Amino acid sequence: QVQLVESGGGLVQPGGSLRLSCAASGSILGFYTMGWYRQAPGKQRELVATISSSGRTNYADSVKGRFTISRDDARKSVLLQMNSLKPDDTAVYYCNLKIQSLGGPQYWGQGTQVTVSS
């Protein structure tokens, strides 16, 4: 069983920066994509950014140019550097790991709160 543990959330003023990290534990079989999703109150969970085993990245339009995702396979971890934060970025951020094979399982972290407010 794969477990994901996030850290790095908190309160930041508009224009500020935060870095989220997520570490996976357990046995991961095969190639996998890691990513971040977020859910604001009253809204559906949405994709923020993902990074595949080959390093290909995908970002939501709303965060392009402000957020950067990276991964460290030796540590089975993924980072999300968030700059120029806006109040609209306020949400619970969830780490995700998905096995890339067809029908492969996916796993979720418990979530970390990010609040952007003055």
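Me: Are Cys 22 and Cys 95 buried or exposed?
Reply: In this predicted model, both Cys 22 and Cys 95 are buried.

Me: And what do Cys 22 and Cys 95 form?
Reply: They form a disulfide, with their sulfur atoms 2.1 Å apart, and the link is left-handed, with -85° about the S-S bond. The pair links distant parts of the chain, since Cys 22 sits in strand β3 and Cys 95 in strand β9 (residues 91–99), 73 residues apart.

Me: Which residue is the bridge partner of Cys 22?
Reply: That is Glu 6. Strand β3 covers residues 18–25, and five bridges join it to β1, with the two strands running antiparallel.

Me: What is the strand order in that open sheet?
Reply: Four strands form it in the order β1-β3-β8-β7, and their pairing is antiparallel. At the edges stand β1 (3–7) and β7, each with a single partner strand, so one side of each has no neighbour in the sheet. From one strand to the next, the twist averages 15°.

Me: New topic: where is Arg 66?
Reply: Arg 66 is in the loop between β6 (57–59) and β7 (67–72).

Me: Why is Arg 66 called buried?
Reply: Its relative accessible area is 10%, and buried means under 20%, so Arg 66 counts as buried.

Me: What does Arg 66 touch?
Reply: Leaving out residues up to four places away in sequence, Arg 66 touches several residues, among them Gln 81, Met 82, Leu 85 and Asp 89.

How values were computed: Residues are numbered from 1 along each chain as its sequence is written. This is a predicted model: local features need pLDDT of at least 70, side-chain atom pairs count only at pLDDT 80 or more; totals for chains, interfaces and linings use all residues. Side-chain values use heavy atoms; hydrogens and water are left out. Buried means under 20% relative accessible area, exposed over 50%, partly exposed in between (1.4 Å probe, protein chains only). Contact means heavy atoms within 4.5 Å. Two strands pair if DSSP finds at least two bridges between them. Axes are lines fitted to C-alpha atoms, for helices over the stretch in contact, and angles run from 0 to 180 degrees between N-to-C directions. A disulfide is a pair of cysteine sulfur atoms within 2.5 Å.
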